[in-house]
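Hi there,

Here is the structure I promised to pass on to you.

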Amino acid sequence: MTIPALRTEALRKSFNGVEVLHGIDLSIMPGETVCIVGASGSGKSTFLRCLNWLSPASSGHVYLNGELIGVRETAGGSVVPLAHKQLQEQRQRIGMVFQSFNLWPHRTALENVMEGPRIVLNQPGAQARATAERLLERVGLAERRDFYPAQLSGGQQQRVAIARALAMKPEVILFDEPTSALDPELVGEVLAVMKELASEDTTMVVVTHEIGFAVEVADRLILMDGGQIIEDAPPRQFIEAPREERSRRFLDQVLSRGLAPVHTIHTSE
Amino acid sequence: MSELSNLLPALPELARGFAITIALSLCAMVVSWVVGAIVLVVRLSPVAPLRILATIFISFMRGTPALVQLFLIFFTLPMIGIKVPPFVAASITLGLNSSAYVAEILRGGLGSLHPGQAEAAEALGMRSWRIWTRVLLPQAVRVSLPSITNELTLLVKTTPLASVVAVTELSFAGQIIIARTFQPTAVLLSIAAAFLVLNLILTSLAGLLERRFDIAGDRR
Ligand SMILES: Nc1ncnc2c1ncn2[C@@H]1O[C@H](COP(=O)(O)OP(=O)(O)OP(=O)(O)O)[C@@H](O)[C@H]1O
Ligand SMILES: [Mg+2]
């Protein structure tokens, strides 16, 4: 039996006494692409941020390839927060791509991608540079490596951000609405990169509103509502025969807006 | 003309005073930057007592006269067995005084950064001190460079204060020469010109830096 790449167990999260995640159990197997959809405020981002402990869970557990994240069990059986150093070592193994890219504006595309290997993993400069150059090429931005983020389009920035996450060779990559901040004509180039990653069996958790992408690329499609997982099924099954009434309503809403297919788009300039 | 020729022998003296002024400014600036950055980080630390300590430091430095601070360091420290040479006492005082302002300016700059900047580094597994030195401080400095430059020109103009503990910086050297030659106008104009040149160099260096940052295409 393989262990899940990522697993949550009765994960709960409260902000100022208000619970927004109500006990989430989820297993993601190595190589799986899981897409999470749901209405605004349903807790998708909060859930994703609990997975790498950017937002520590109020109770429950997260396991990365079997290892408890963010906390450790003492000999007495109680659970205490990990020291920051250990937490940061765990985070090196979980990539994250943000809606607002969050590239560092004072560094070039290449420097942004090199930063993790060089500063976090302490790789020699030449090695970090080689890795970064290869990854920028992979996301179709080899020519733009010396550009600063402000000189790149949103789609290009997000592709640099994906390369930055990949540079750490993470065991899982989390995407929080990676295309929501993009002009419609730039969405495709980012989705194409993600689609390629998925086809290479990268373990991915993707919060997205791009239902077409989810249907085409995801191994499992998950609907969240009110801080809970409502439906968790292969996308075809989810669309054609959802078990829950709420899933049906969600689909009606989304599909009435039209289901745009994802084209394979050239990522080169 | 003959009056001015009286001043010629005093030129090396003025030049030495100017050199001391430059050295004092540079030393104080280093103290100001380093301590300013540290105070900023402590001021924003998650540990409440540290935060309070930094806040007290900042309000003391900004709320009391630099002259009193200088006397405190120069006369009070020897009483507890720490003897501080005048030049060092002046560098430290001017630097500490300015560091409080630098810390507050940087804090303002930091506030203008998107929270995602630190978060991206955090998610990558970067250690806190690295996040400060690689992500936050460089950007805070960049955003607040004009205000910091302004603060540093003020610092340069405060260096004559060191004369009260007998550091022969430019203005003190000038007073000595005036007492000997009775040529106040010429001497004072030379001193003013020297300070002006120093600050013009400072602001143009800062301008160069700013332009370099601009090439980096900052949107903020
Ligand atoms: N830092 C916070 N402090 C207080 N409440 C928060 C915080 N972050 C999220 N919440 C609340 O938690 C709930 C879930 O928010 P979350 O951002 O996870 O939703 P989401 O599904 O990602 O929505 P969206 O599609 O708009 O991004 C919301 O009610 C939100 O107001
Ligand atoms: Mg969200």
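**Where the two chains meet**

Across the interface of chain A and chain B, the rule finds three salt bridges. One of them joins Arg49(A) to Glu119(B), with 2.9 Å between the closest N and O atoms. Please keep in mind as you read that this is a predicted model.

Between chain A and chain B, the count of residue pairs in polar contact comes to eleven, both residues being at pLDDT 80 or more. Which elements of chain A give two or more residues to the side that touches chain B? They are helix H2 (84-91), strand S8 (94-97), helix H3 (109-120) and helix H5 (154-166) of chain A. H3(A) provides the largest share of that side, with five residues. By residue type, the side of chain A that touches chain B divides into 13 nonpolar, ten polar and seven charged residues.

As for the extent of the contact, chain A contributes 30 residues and chain B contributes 24 residues. About 2,400 Å² is buried between chain A and chain B, and 53% of that area is on carbon and sulfur atoms.

**A sheet in chain A, and the helix across it**

Moving on to chain A itself, you will find an open sheet of four strands, in the order S2-S1-S4-S5 and with antiparallel pairing. Its edge strands are strand S2 (18-28) and strand S5 (67-68) of chain A, each of which pairs on one side only. Strand S1 (residues 6-15) of chain A pairs with S2(A) in the antiparallel sense, over eight bridges. If you want a place to look at this pairing, Lys13(A) stands opposite Leu21(A), which belongs to S2(A).

Helix H1 (residues 44-51) of chain A lies across S1, S2 and strand S4 (59-64) of chain A. The direction of H1(A) is at about 120 degrees to S1(A).

**Chain B**

Taken along the principal axes, the box filled by the C-alpha atoms of chain B is roughly 70 × 50 × 25 Å.

Happy to go through any of this with you.

Best wishes

Technical notes. Residues are numbered from 1 along each chain as its sequence is written. Chains are lettered from A and ligands numbered from 1 in the order in which they are written. This is a predicted model: local features need pLDDT of at least 70, side-chain atom pairs count only at pLDDT 80 or more; totals for chains, interfaces and linings use all residues. Side-chain values use heavy atoms; hydrogens and water are left out. Contact means heavy atoms within 4.5 Å. Buried area is the accessible area (1.4 Å probe) that two parts lose on being put together, summed over both. A salt bridge is a side-chain nitrogen of Lys or Arg within 4 Å of a carboxyl oxygen of Asp or Glu. A polar contact is a pair of N or O atoms within 3.5 Å; within protein, one must be able to donate a hydrogen and the other to accept it, and residues adjacent in sequence count only if both atoms are side-chain atoms. Ala, Val, Leu, Ile, Met, Phe, Trp, Tyr, Cys and Pro count as nonpolar, Asp, Glu, Lys and Arg as charged, and the others, Gly among them, as polar. Two strands pair if DSSP finds at least two bridges between them. Axes are lines fitted to C-alpha atoms, for helices over the stretch in contact, and angles run from 0 to 180 degrees between N-to-C directions.
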